[in-house]
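Here are some notes on how two parts of one chain meet. Please read them with the structure open.

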Amino acid sequence: MTSLRLLKDKVYAKIMLIFTILSVAVVLVIGIGLYLKSVPVLNKISLYTLLTSSVWKPLKGLFGFFPFIMGTLWVTAIAIIIALPLCLLTSFFITEYTPNQLRKILVPFVNLLSGIPPVIFGVWGVLFIVPLIQDHIAPHFVEFSTGYSVLAGGIVLAVMIFPLIVSIVCEVLNTIPKDLKDASLALGATKWETIRKVSLRKAKPGIIAATVLAVSRAFGETIAVLMVCGNNADVPHSVFDPGYPLPALIANNYGEMLSIPMYDSALMFAAFLLFIIILLFNVISRIILARLERKLAL
Amino acid sequence: MIRRKLEENFFRTLMILATILVTGSFFLIVGTILYRGVPFMTWDMISKIPGGGFYIGKEGGVLNAIIGSLYVAGGATVLGLFISIPVAIYINMYLGGRIWLANGLRIAFDVLFGIPSIVYGAFGFLIMVYFGIRASLLGGIVAVTLLVIPILVRTLDEVIRTVPKELGDATLSLGATRWETAKVVIRQIRPGVFTAILLSFGRAIGDVASVLFTAGFSDNIPTSLHQPAATLPLAIFFQLGSPVAEVQGRAYASALILTIIVLIITILSSILAKRFSKNNSR
């Protein structure tokens with residue numbers, strides 16, 4: 001009887017081990033799969049040319065990813081520039097200034113935002129942000145803009161990464177010992193001075209990790225950006241120019257990619273590129289966050 | 001002194017404004033969707049599949065996409081649970097003292113969580129081409145399962161960690177095997193499992209990029225795993241791209257349907273989570 005129970009325990013342990021290994025190994029399988037698929041295009045065109053050429057003519061077998069890489073960078077940079085200061089101020093306000101009651105009302109709304117699907121952000125972008133840019137913002141700066149621009153993509157993305165940054169930064173701020181802040185306040189510093197000189201300094205690694213996570217989230221976001229960005233395969237020169245980020249490129253062309261030689265390989269290379277960058281960013285920020293957590297536990 | 005006070009007040013105002021903007025963006029989004037979606041909302045939208053000429057503004061609804069989305073999200077969540085419950089148990093109960101290994105695995109799942117759905121979609125498409133499977137309900141479910149496994153594992157893991165260690169120790173010391181202990185723990189975390197299910201379902205039903213390549217699109221409700229299935233987010237995306245005003249309006253109405261579904265799920269899961277944490281503090 002006992003041996004049967006032990007046997008059962010061991011068998012289940014093995015099964016669970018296999019499940020665990022398999023689900024983690026997905027990372028490797030995805031990486032290898034995408035790489036193998038991008039080998040044909042890498043053999044034909046050098047990595048340097050792929051990354052720096054601006055000529056995108058799939059029918060002639062010319063694949064230059066530079067405009068798409070720039071599109072991704074523009075959109076991401078705009079999103080971070082908008083979101084980071086707003087989110088830091090919000091996190092400081094939530095953790096340092098608000099009484100518990102108000103906090104209990106504020107935090108759920110940030111969480112609700114994180115539950116909204118990307119396509120809804122996209123619809124909102126088309127209905128609200130794009131007309132806003134076209135009619136009210138762009139006319140002050142440029143002669144004409146349809147509103148479908150990297151700025152629209154950046155704003156929509158910024159709103160999408162609000163909850164991510166706020167939740168991580170709030171968590172990090174909450175771990176800062178109250179004694180430190182009390183000491184600073186007791187010495188006569190104002191609340192803002194305490195935030196700037198104590199909290200901000202202490203929370204720096206956490207803020208960096210949150211930002212890196214937000215960047216990688218912005219890199220990979222597909223549908224919402226695709227809907228508002230204009231999707232024009234040129235390098236954007238101003239925030240009112242349309243852009244064409246990498247994920248949008250993949251999503252828009254999957255239908256025809258099997259009919260043109262090398263096209264599927266080139267698109268899988270784009271996916272591989274995204275995968276590697278995002279993987280790297282995620283590993284870095286997760287390690288920073290795990291370290292912070294461990295330091296706290298000690 | 002006055003300068004410092006001014007600075008304090010200035011930044012406090014800035015913080016209040018930022019907080020209003022960040023928390024208010026939720027209302028702005030839902031408000032926009034409501035305002036534009038409600039005029040186009042009809043009973044037909046949720047009770048009928050697209051009729052002939054639906055895409056030029058004739059009658060019909062998006063029942064095909066609603067059902068398709070429920071199938072994909074439901075299938076993926078069920079499949080994901082079968083994989084992630086054992087994984088979460090393994091991480092917490094079978095690794096014994098090897099905490100570094102458990103933490104390493106946690107980081108690995110966090111990283112998996114960060115991989116964008118377009119990569120899962122592209123990878124799913126790759127596999128389907130390799131095995132010669134066409135875009136179908138099954139393909140969509142598999143791709144979305146990959147997407148939700150990290151969410152399920154990490155949520156379940158957090159929940160299992162809230163179970164008092166004494167409970168497991170007591171069970172073990174009575175001579176139970178680890179597997180028997182795991183069964184006791186699972187019974188303890190039932191509400192937490194529901195939270196995980198809802199979170200995963202909410203993410204699965206709203207995602208486009210993973211089903212774009214894999215599930216295909218169809219005007220009919222799929223009757224087998226090998227038929228292509230429409231999904232609600234994809235329906236919104238396609239309809240919005242139409243030049244016909246009536247069809248665009250339907251995109252707003254479909255967006256409203258999706259928003260309502262997702263909000264119900266999110267609110268339910270946060271209520272459950274709250275109740276669960278209350279149970280625990282006792």
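1. The model is predicted. In chain A, the domain assignment gives domain 1 as residues 2–51 and domain 2 as residues 66–297. Taken over C-alpha atoms, the centres of domain 1 of chain A and domain 2 of chain A are 29 Å apart.

2. The two domains of chain A touch: 15 residues of domain 1 are in contact with 13 residues of domain 2. The size of an interface is often given as the accessible area lost when the parts come together. Here domain 1 and domain 2 of chain A bury about 1200 Å² between them, and 80% of that area is on carbon and sulfur atoms.

3. Which three residues supply more than any others of the area that domain 1 of chain A buries against domain 2 of chain A? They are Leu34(A), Lys37(A) and Leu51(A), with 42% of that area.

4. Between domain 1 and domain 2 of chain A the count is 1 salt bridge. Lys37(A) forms a salt bridge with Asp264(A), and their closest N and O atoms are 3.6 Å apart. Across the interface of the two domains, 2 residue pairs are found in polar contact.

5. On the side of domain 1 of chain A that touches domain 2 of chain A, the elements giving two or more residues are α1 (2–44) and α2 (47–52) of chain A. α1(A) gives the most to this side, with 12 residues. By type, the residues of this side of domain 1 of chain A are 11 nonpolar, 2 polar and 2 charged.

Conventions: Residues are numbered from 1 along each chain as its sequence is written. Chains are lettered from A and ligands numbered from 1 in the order in which they are written. This is a predicted model: local features need pLDDT of at least 70, side-chain atom pairs count only at pLDDT 80 or more; totals for chains, interfaces and linings use all residues. Side-chain values use heavy atoms; hydrogens and water are left out. Domain bounds come from an automatic or database domain assignment. Contact means heavy atoms within 4.5 Å. Buried area is the accessible area (1.4 Å probe) that two parts lose on being put together, summed over both. A salt bridge is a side-chain nitrogen of Lys or Arg within 4 Å of a carboxyl oxygen of Asp or Glu. A polar contact is a pair of N or O atoms within 3.5 Å; within protein, one must be able to donate a hydrogen and the other to accept it, and residues adjacent in sequence count only if both atoms are side-chain atoms. Helices (H or I, at least four residues) and strands (E, at least two) are DSSP runs, numbered from the N terminus. Ala, Val, Leu, Ile, Met, Phe, Trp, Tyr, Cys and Pro count as nonpolar, Asp, Glu, Lys and Arg as charged, and the others, Gly among them, as polar.
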